[in-house]
Amino acid sequence: MITGHNLVGGVWESNSNATTYKTVNPKTEEILPSIFEAANASQIDIAIEAAAGSFETFAATSFKTRIAFLKAIQKEIKANSVEILSAFQAESALPEGRANGELQRTLDQIERFVELLEEGSFIQATLNTKGLDLRKMLYPIGPIVVFGASNFPLAFSTAGGDTISALAAGCPVVVKAHPYHAGTSELVAQAIHLAIKQSKVPTEAFSHLGGQSHELGMSLVSHPLVKGVGFTGSFTGGKFLFDLAQQREEPIPFFAEMGSINPVFILENKVKKDTTLPAALASSITLGTGQFCTNPGLIVICDSDPETEFAIHLGEAMESLELEPMVHSKINKKYIQGLNRLKNLKGEIHTHLCSNSVAALGLVSAKYFIEAPNLSEEVFGPYSLIVHCQNIDEMLTVARGLSGQLTATLLSTPEDEQALRVLKPIIQSKAGRILFDGVPTGVAVNQAMQHGGPFPASTDSRFTSVGSDAIYRWLRPLSFQDCPNALLPEALQNENPFELQRRVNGVMTNVRL
C-alpha cells in the first residue's frame, strides 16, 4: 500500500509538517489520490549518516549474503507486482505490455548481478607474492545517491541498474524518487526494505526519499558523506549536478547518462535498395512515444538525388502509427518547445507533423546542418531530423561535427564498404555503442553492453549504466602490502575460500597458495 512516507535510515517516517505533493495520470490528467511527503533537511542528514554508518558492515558482507539479498528483492517485487504495475500505469499512462516488459527487465537485470556475484571475478583479485607481497582487489567506494529516471519508472528507477549495481558492489544506497512516479517508486522501495529484513544486511543500507524541489537533489549531492552519484535524465539537470559534485570540498564521481541524438548513418546503396528502412525507423523513432534514451533523433542519409524521397516514405510510415501520451507533462512541454524552435527556422528545415499523433519529422540539407550546430541538440520525444548529404564527403563532415553519443548506427550494403571504412573510424570516437544492423532503440542487459558514451552523452565514457559491468562505477582499487593472511579480505587470502579466478604472479588460477 502506498503511504507517501519516506524511508529514512531503515525506518519509514511520517512528518505532519512536511510539504506534500501528488502524482498525475498523463493520459487523463487526473490527479491521483496518494499524498506524498517531501523529505526535509533533517531526514536527508539522517538517511546519509545512517548509510555511512552501515558502510563498513555492508562492504564486508560476503557475496553469498548479497546474493541472498538481491534474490529477496526479486521475490518481494514479484510478490507485489500487481500493485506495482497498477501504480506504474496510473502514473505513466504506459500500456500494459510496456509495464510488464519493464517489470521483467527489472527482475532480469537483478538476476545478472546475482550471476556476477556468483562468479566473483569482477573484484579483479591480483596477487604478487614474488618479492613484496602485494594483493589488490576492487573495493566499494561508500554511500551512493541514485536519482530515479522519469522515462523508466522501474528499470532505471528505485530498483534499477544504478541501485542494484551499487548494492551488489557493497555500497549503501539513498534513492531520490522521481516525483512523477512517486507511488511506483515507494512500492519498489517497500520491496527492497522487506528484502533487507530477510537478509544479513544492515537496515540502514537503503533509504528512499521523495520530493519535488531541486534543493533535495542538491543537498544529497553536496552531502560530505556521499561518495558517488548515479543519474539518468536531462543534460541541463545532469550537468548542473555534475558541476556541483566537482565543486565539493571532496569531489566525487558523478555518473550521469544525459541524453543523445543517436545518429543513424545510411549510405547511398542502402538508401536506394532497402525498402524496409522507413517502417523500421518509424517504429524506432516513435517507440515509447520517443522517450527512449537511444531514440534515433538524427538520420543522416547519403543520396545523390537532390530531391530524395526517403523523407516522404519515412513520414508516411510514421503517419500509420498510434502513440501513447508522454509519461509526464514536463517532458511533453519541452518536446513542444523543441519542435517550435525548429519550426521557427522556417524555410531552412522542412517539417512534417503527423496528423494523428505528436510525432514529427524534419528534413534539412547537409550544407545548412553543418553551418548550424544547434540543430544537433536533442529534441526528446518522437522526432527525428533527416540530414540529406549528396555525397560521402558531406556525410563525413556531418559526422566529424557531432558531439558524444550513446549510440551511432551505420547502415550499408557490401557495395558501400569503401565509404563505410572511411566513416567508421570517425564514429568510433563519437559513440559508446556502434550498430551495423537494425535500430538503436532498446538495450541488451548483459556484460557486453555499453550504455554510455563521450560527453555530453555521459559524464564518463569509460563506464556503462546498463549491464553487469555497471558495478565498476562503485568500486575502487585497494592494495594490501605484506598484510597478515588472517587480516586480508577473504578474496585475497591464501586459502581462496570463494575459489575465485585470481591473477597470481601474472597467471590466472583459482588454486590455494
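Visitor: What should I know before I start?
Guide: The model is predicted, so local features need pLDDT of at least 70 and side-chain atom pairs count only at pLDDT 80 or more, while totals for chains, interfaces and linings use all residues. Residues are numbered from 1 along each chain as its sequence is written, and side-chain values use heavy atoms, with hydrogens and water left out.

Visitor: How do you define a pocket and its lining?
Guide: On a 1 Å grid over the protein atoms alone, a pocket is an open set of points with protein on both sides within 12 Å along at least five of seven lines. A cavity is a set of points where a 1.4 Å probe fits but cannot get out, and lining residues have an atom within 4 Å of a point. Grid points are joined across faces, edges and corners, and a volume is the space filled by probe spheres set on the points.

Visitor: Which elements give two or more residues to the lining of the largest pocket?
Guide: Those are α7 (214-222), β10 (228-232), α8 (235-247) and α12 (329-343). The largest share, seven residues, comes from α12. As for the labels, helices (H or I, at least four residues) and strands (E, at least two) are DSSP runs, numbered from the N terminus.

Visitor: And by class, what has the lining of the largest pocket?
Guide: It has 18 nonpolar, 23 polar and eight charged residues. Here Ala, Val, Leu, Ile, Met, Phe, Trp, Tyr, Cys and Pro count as nonpolar, Asp, Glu, Lys and Arg as charged, and the others, Gly among them, as polar.

Visitor: What about the second largest pocket, what volume has that?
Guide: About 320 Å³. The lining has 21 residues, and A59, A60, R66, M137 and P489 are the closest to the centre. β6 (134-140) gives the largest share, four residues. By class, this lining has 16 nonpolar, two polar and three charged residues.

Visitor: What about the second largest cavity?
Guide: About 100 Å³ of space lies in the second largest cavity. Of 15 lining residues, F255, A256, S458, S465 and R473 are the closest to its centre. Strand β11 gives the most to the lining, with three residues.

Visitor: Changing topic: in what order do the seven strands of the open sheet come?
Guide: The order is β14-β15-β16-β13-β12-β17-β18, with mixed pairing. At the edges are β14 (350-353) and β18, each pairing on one side only. Two strands pair if DSSP finds at least two bridges between them.

Visitor: In what sense do β17 and β18 pair?
Guide: They pair in the parallel sense over four bridges, and T407 has R433 in β18 as its bridge partner. Helix α15 (residues 417-428) packs on the sheet, touching β12 (264-266), β17 and β18, and its direction makes about 175° with that of β17. Contact means heavy atoms within 4.5 Å; axes are lines fitted to C-alpha atoms, for helices over the stretch in contact, and angles run from 0 to 180 degrees between N-to-C directions.

Visitor: Backbone next. Which peptide bond is cis?
Guide: The one from F455 to P456 is cis, with omega near 10°. P456 lies in the loop between β18 (431-435) and β19 (475-481). Most peptide bonds are trans, and most residues other than glycine have a negative phi.

Visitor: What phi does E29 have?
Guide: E29 has a positive phi of about 60°, although it is not a glycine. The residue lies in the loop between β3 (20-21) and β4 (36-37).

Visitor: Is E29 buried or exposed?
Guide: E29 is exposed, with a relative accessible area of 65%. Buried means under 20% relative accessible area, exposed over 50%, and partly exposed in between (1.4 Å probe, protein chains only).

Visitor: And Q493, buried or exposed?
Guide: Q493 counts as buried, at 15% relative accessibility. Not counting residues up to four places away in sequence, Q493 touches R135, N485, A486, L488 and R502.
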